[in-house]
Amino acid sequence: MIFNLRSGLIAIGLTFFTQTLFAQDLLMTTLSKELQREFEQLKKADDRLYYMSYRVDDITTYNIRTSFGAVTGIDSSRYRVFSPSVRLGSYKLDNTHNVGFGQFPGGIPIADDADIITLAIWKNTDNAYKNAVQAYEQILTNKKVKVAEEDSAADFSPAPKVVYQDPPLRYAALRPDINALTKNLVAYSAVLKSNPDLLTGVATIEFKIVRKYFADTDGSSIIENGTSAWQSVYSLTKAPDGMELPLFQMYYAYEPSGLPSRDSVLKDVRTMSAKLTALRSAPVADPFVGPAILSGRASGVFFHEIFGHRLEGKRMKSDFDGHTFKNKIGTPVLPDFLSITLDPTIKKVGNAEVNGFYRYDDEGVAAQKVNVVENGILRSFLMTRTPINGSSGSNGHARTAPGGIPESRQSNLVVNATATKTAAALKELLRNEAKKQGHEYGYYFEDVQGGFTTVGRTTPNAFNVMPIEVYRVFADGRPDQLVRGVDLIGTPLSMFRRIIAADNTLETFNGMCGSNSGWVPVSASSPAIFVDVIETQKKSKSNDRLPVLPRPDLDSTSLTSTPHSF
């Protein structure tokens with residue numbers, strides 16, 4: 001027999017690749033087959049069953065962590081999360097009614113064996129069905145003893161059948177260059193080590209590869225691939241009064257190759273290090289009510305928190321939700337120069353890759369661009385397959401973390417302004433307004449680490465945006481002054497009326513939103529905005545003293561070489 005080594009290697013490679021493709025096809029084939037079998041058997045036993053779906057998140061992650069120039073961890077993992085949904089009753093009333101039951105997540109082995117996969121599906125479906133029965137019976141009881149609910153819309157709605165399949169993932173080709181990424185992270189965190197004021201200096205990356213499977217008894221069959229790379233540089237210092245002062249540099253791309261260059265990141269890290277030293281001696285801001293500018297990133301978080309969450313339709317089904325905008329469709333809710341879209345179909349805003357992209361949501365509905373506000377007028381909500389009074393039908397915004405129950409969630413929020421000013425003109429507005437109100441200064445919010453809001457009825461509807469870089473802008477034109485210890489707070493309806501102008505440059509904040517259904521990727525892009533009145537409060541701080549001992553690497557009495565053996 002004549003054996004050509006090169007041809008043999010190609011044959012082996014093709015065989016392995018073919019097996020990999022087969023394994024990915026096997027999971028979908030097994031899911032669909034078992035869904036049909038389970039539905040038919042359960043339907044015979046319980047004719048209240050009217051709908052089922054299976055969702056699997058097949059997740060591979062690579063993580064690298066460094067601290068002050070040293071590698072602290074490198075690992076990878078792969079796992080599958082299985083989420084069955086079982087609905088008893090009818091579209092009008094089922095076991096998910098206002099309680100979100102009907103799903104019982106579990107795991108599926110990373111195995112290329114249909115029998116093993118089927119057993120895991122069967123066991124988890126059985127648990128989900130039993131959970132659904134218990135929930136449905138409780139709901140029927142509640143209907144008899146409780147007053148009528150404010151929202152009488154159905155619990156679920158039909159959706160078009162979808163058949164879509166991304167090609168199988170080539171995991172070997174997607175594997176990142178661990179050595180190159182590690183060297184970069186070591187260099188970034190080493191810059192922070194050189195600053196004696198810093199208590200923490202961490203650089204990390206997470207690269208995630210996800211293949212999502214969805215099948216339901218309406219005939220939909222969806223396989224969608226996704227990748228995301230998060231690189232972060234984080235450092236912390238502490239002021240003499242005990243206040244902890246963190247700063248972050250966050251970078252997002254679909255793949256590690258899309259992250260900024262090493263030189264660009266090193267420049268950012270050096271700037272961040274210098275700002276942290278400056279923050280230690282910066283004055284603590286007193287509570288303030290007056291004019292301010294929010295940068296595009298800060299504005300993006302502002303709109304996400306205080307506006308976007310109040311447009312999430314499914315939460316309005318509950319009598320406990322504040323229903324801020326539920327009856328406001330067609331009425332002004334923002335200044336007429338502002339429009340807002342939520343668009344999961346885009347991968348970029350300007351040159352920035354955005355984190356909220358997907359093709360199909362977690363109920364098997366195609367992602368759609370939703371113009372929620374047009375020229376200040378509220379036009380629509382973010383909808384799942386759960387209708388609310390006045391709004392029916394999904395627009396592809398049912399989202400959840402793996403294993404969760406899909407809720408109305410944001411995607412890529414984009415704020416557009418039709419009347420804009422330059423950044424310099426916006427700053428001049430701030431100075432003039434500060435003079436008019438009798439203030440020595442207004443505030444400029446350059447960067448934020450996130451925020452949160454309350455939307456229910458049992459607590460005051462308020463928001464808190466957490467800035468990490470804030471400046472006083474003096475009315476008399478003196479240089480801006482860095483300050484610390486500021487939280488931006490307020491109530492939403494009053495705050496919307498205070499937006500006066502916007503600049504002409506969009507900035508993007510990529511992040512993870514941890515609302516009702518767990519952490520989901522989102523982005524918020526906005527121009528900077530000028531508001532004539534904001535309210536701030538002092539940020540909470542620790543009472544712990546600075547470390548008594550110096551950092552070991554900076555202690556001249558520390559041993560810097562290995563002791564001799566005698």
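# Rings, voids and strands

Reader: Is Y54 buried or exposed?

Author: Buried means under 20% relative accessible area, exposed means over 50%, and partly exposed lies in between (1.4 Å probe, protein chains only). The relative accessibility of Y54 is 0%, so Y54 counts as buried.

Reader: What pLDDT do local features need in this predicted model?

Author: Residues are numbered from 1 along each chain as its sequence is written, and side-chain values use heavy atoms, with hydrogens and water left out. The model is predicted: totals for chains, interfaces and linings use all residues, side-chain atom pairs count only at pLDDT 80 or more, and local features need pLDDT of at least 70.

Reader: How many aromatic pairs does a search of the whole structure find?

Author: Rings of Phe, Tyr and Trp (its six-membered ring) pair if their centres lie within 6.5 Å; planes under 30 degrees apart count as stacked, over 60 as edge-to-face and the rest as tilted. On that basis the number of aromatic pairs in the whole structure is 18.

Reader: How many residues apart in sequence are the parts that the pair of Y54 and F82 ties together?

Author: Y54 and F82 form an edge-to-face pair, with 5.0 Å between centres and 65° between the planes. Strands (E, at least two residues) are DSSP runs, numbered from the N terminus. F82 is buried at a relative accessible area of 0%. Y54 belongs to strand β1 (residues 49–67) and F82 to strand β2 (residues 70–88), so the separation of the parts in sequence is 28 residues.

Reader: Which strands hold W230 and Y252?

Author: W230 and Y252 form a tilted pair, 5.2 Å centre to centre and 50° between the planes. W230 is buried at 14% relative accessibility, and Y252 is buried at 11%. The pair ties together parts that are 22 residues apart in sequence, because W230 lies in strand β6 (residues 221–238) and Y252 in strand β7 (residues 244–253).

Reader: From the ring centre of F357, at what distance does K347 lie?

Author: A charge sits over a ring if NZ of Lys or CZ of Arg is within 6 Å of the ring centre and within 35 degrees of the ring normal. The charged end of K347 sits over the ring of Y254, at 4.7 Å from the centre. K347 also lies over the face of F357, where the distance to the ring centre is 5.1 Å.

Reader: Which strand gives the most to the lining of the second largest cavity?

Author: On a 1 Å grid over the protein atoms alone, a cavity is a set of points where a 1.4 Å probe fits but cannot get out, a pocket is an open set with protein on both sides within 12 Å along at least five of seven lines, and lining residues have an atom within 4 Å of a point. The second largest cavity is lined by R55, K212, Y213, F214, I222, E224, Y360, D361 and D362. Both β5 (198–216) and β6 supply at least two lining residues. With three residues, the strand that gives the most is β5.

Reader: How many charged residues are in the lining of the second largest cavity?

Author: Ala, Val, Leu, Ile, Met, Phe, Trp, Tyr, Cys and Pro count as nonpolar, Asp, Glu, Lys and Arg as charged, and the others, Gly among them, as polar. The lining has four nonpolar residues and no polar ones, and the number of charged residues is five.

Reader: What space lies in the second largest pocket?

Author: Its lining has 39 residues, of which V210, K212, G226, T227 and F357 lie nearest the centre of the pocket. The largest share, six residues, comes from β6. Grid points are joined across faces, edges and corners, and a volume is the space filled by probe spheres set on the points. For this pocket, that space is about 870 Å³.

Reader: Which residue of β22 is the bridge partner of V289?

Author: Strand β8 (residues 288–294) is largely enclosed by the rest of the structure, because six of its seven residues are buried. Two strands pair if DSSP finds at least two bridges between them. β8 and β22 run antiparallel and are joined by six bridges. The bridge partner of V289 is E535.

Reader: What distance separates the C-alpha atoms of R472 and G442?

Author: R472 is a residue of strand β18 (residues 463–474). At 11% relative accessibility, R472 is buried. R472 and G442 are 30 residues apart along the chain, and their C-alpha atoms are separated by 5.8 Å.

Key: Helices (H or I, at least four residues) and strands (E, at least two) are DSSP runs, numbered from the N terminus.
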